[in-house]
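User: I am new to reading protein models. Please take me through this one by question and answer.

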Amino acid sequence: MRTYTNVFDLGDLKTALAEAFEIKKDRYKYESLGHHKTCLLIFFNNSLRTRLSTQKAARNLGMDVIVLDVNQGAWKLETERGVIMDGDKSEHLLEAIPVMASYCDIIGVRSFARFESRDDDYTEKILNQFIRYSGKPVFSMEAATGHPLQAFADLITIEEYKRTERPKVVLTWAPHPRALPQAVPNSFADFMNEADVDFVITHPHGYELDPKFVRGARVEYDQMKAFEGADFIYAKNWACPGVTNPADYGKVLSKDMSWTVDEAHMAVTNNAFFMHCLPVRRNMIVTDDVIEAPTSLVIPEAANREISATVVLKRMLEGLK
Ligand SMILES: CCC[C@H](NC(C)=O)C(=O)O
Ligand SMILES: NC(=O)OP(=O)(O)O
C-alpha cells in the first residue's frame, strides 16, 4: 500500500475486516514488521484521537514515531507555488516535504479543508503534494475531503455490533456553531457505499455531499423518515459542500436544532446504536441522554481507531519489503 486516502485503497472490505479482527485479538502480532522503521505524523490541525491512536498503532508494529505540529514549533509553511515569500512564512512546502521525508519511512498527514477554494480542497492540494514530492507511502489522517482511518474504524464498529446481516445505516447532518469540513461524512459514505448495508443520508436542502461520495446512496430530506427502522445512526455536522450552489461552499446554512439527535429521534429507530467520530458538541449534535445511553458506541468506535490505523500501517510496511 503506497497511499491510503479512500475506501478503494483498502481493496476487498471483507479481507480488511478479517485483518482488523485478527489484529484486535493480538495487536502486537506484527511488532517485528516496523523494526528500525519510522512513522512521521504531520498535523496542520488539532487532534486527539488520531494523534494518539496512530502513534499507538505505529508502536504496535514496532515503529519509531515522530509527531510534528506544523506552524507550532516548525517554520510557518507557504503552500502556494509562485508566491513571493516576503510575509510571515519562512519555508515552502516544496522544500519541507522532501526534508521531512528524508527522516522517515511512512508519512501521515492531517490537513483540513480551508474553505478558501472548493477546487483546492476537492483536488486535495496539500495532501497530494506530500504524495507527489515525498517519495514515501502517505496516509490521510483527515485531509480536506476524506478521513479514511475514521471511516474504516466506523465500519469495524458496525461489523462488531450489527444485529442483522444487512443493517440500515443512517448518516444524519446535525447543527454546529462553526463551519466543519465534509471529510468525515464523505469518507463514511465512501465506505458505506462499498459495505453490505442499507445506507441512507439525511440532511437539510443545500447540504448535498459531493456525488463522488454519495454514489448510489438514498438521500432523504425528512430526517424522521430516514430514522425509521434504522439500526445505526451516524451523526455529524458539515458545512455546505457547494454542490447545489458553489457560492455557498463552506457556509453554515442552518443551525436548526430540530436536527439535534434526541430520544424522540431514536424512538422511531430499531433501537439503533448511536455513533459519532468525536469530538462532539453535546446538545447541538446529540443530547446528553442519547450519547450516554447503552446504545451509544462513541467510545468503542474511538478505540477502533487504533485497529484501523494498525491495519493500514501494517500494509504500508509490508509494501516496503
Ligand atoms: C474528526 C473530526 C475533525 C473535525 N472536527 C472539528 C471540530 O474540526 C471535522 O469535523 O472534520
Ligand atoms: N475522530 C477524530 O479523528 O478525532 P480527532 O480529530 O481528535 O483526531
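User: How far is an oxygen atom of ligand 2 from an N or O atom in the side chain of Thr-50?
Analyst: This is a predicted model, in which local features need pLDDT of at least 70 and side-chain atom pairs count only at pLDDT 80 or more, while totals for chains, interfaces and linings use all residues. Residues are numbered from 1 along each chain as its sequence is written, chains are lettered from A and ligands numbered from 1 in the order in which they are written, and side-chain values use heavy atoms, with hydrogens and water left out. A polar contact is a pair of N or O atoms within 3.5 Å; within protein, one must be able to donate a hydrogen and the other to accept it, and residues adjacent in sequence count only if both atoms are side-chain atoms. Between the Thr-50 side chain and an oxygen atom of ligand 2, the distance is 2.7 Å.

User: Which residue has a polar side-chain atom 2.9 Å from a nitrogen atom of ligand 2?
Analyst: The residues that surround ligand 2, with a heavy atom within 4 Å of it, include Ser-47, Arg-110, His-147 and Gln-150. A polar backbone atom of Leu-48 is 2.7 Å from an oxygen atom of the ligand. The side chain that lies 2.9 Å from a nitrogen atom of ligand 2 belongs to Gln-150.

User: How much of the area of ligand 2 does the protein bury?
Analyst: Accessible areas come from the Shrake-Rupley method with a 1.4 Å probe; for residues, only the protein chains shown count as cover. Taken alone, ligand 2 exposes 250 Å². The protein buries 93% of that.

User: Why is H6 described as largely enclosed by the rest of the structure?
Analyst: Helices are DSSP runs of H or I with at least four residues, strands are runs of E with at least two, and both are numbered from the N terminus. A residue is buried under 20% relative accessible area, exposed over 50% and partly exposed in between (1.4 Å probe, protein chains only). Among the buried residues of H6 are Pro-148, Gln-150, Phe-152 and Ile-158. H6 is largely enclosed because its buried residues number 11 of the 14.

User: What does Lys-162 contact with its side chain at 3.3 Å?
Analyst: Lys-162 is in the loop between H6 and strand S8 (168-173). A polar atom of its side chain lies 3.4 Å from the backbone oxygen of Glu-165. The polar contact at 3.3 Å is with the side chain of Glu-159.

User: Which residue has a polar side-chain atom 2.6 Å from an oxygen atom of ligand 1?
Analyst: Around ligand 1 are residues including Phe-112, Glu-142, Pro-181 and Lys-236. The side chain of Glu-142 has an N or O atom 2.7 Å from an oxygen atom of the ligand. The distance of 2.6 Å belongs to Lys-236.

User: Which residue is joined to Leu-278 by a cis peptide bond?
Analyst: The bond has an omega of about 0°.

User: Is His-36 buried or exposed?
Analyst: His-36 is in the loop between helix H1 (13-25) and strand S2 (38-43). Its phi is near 60°, a positive value in a residue other than glycine. With a relative accessible area of 63%, His-36 is exposed.
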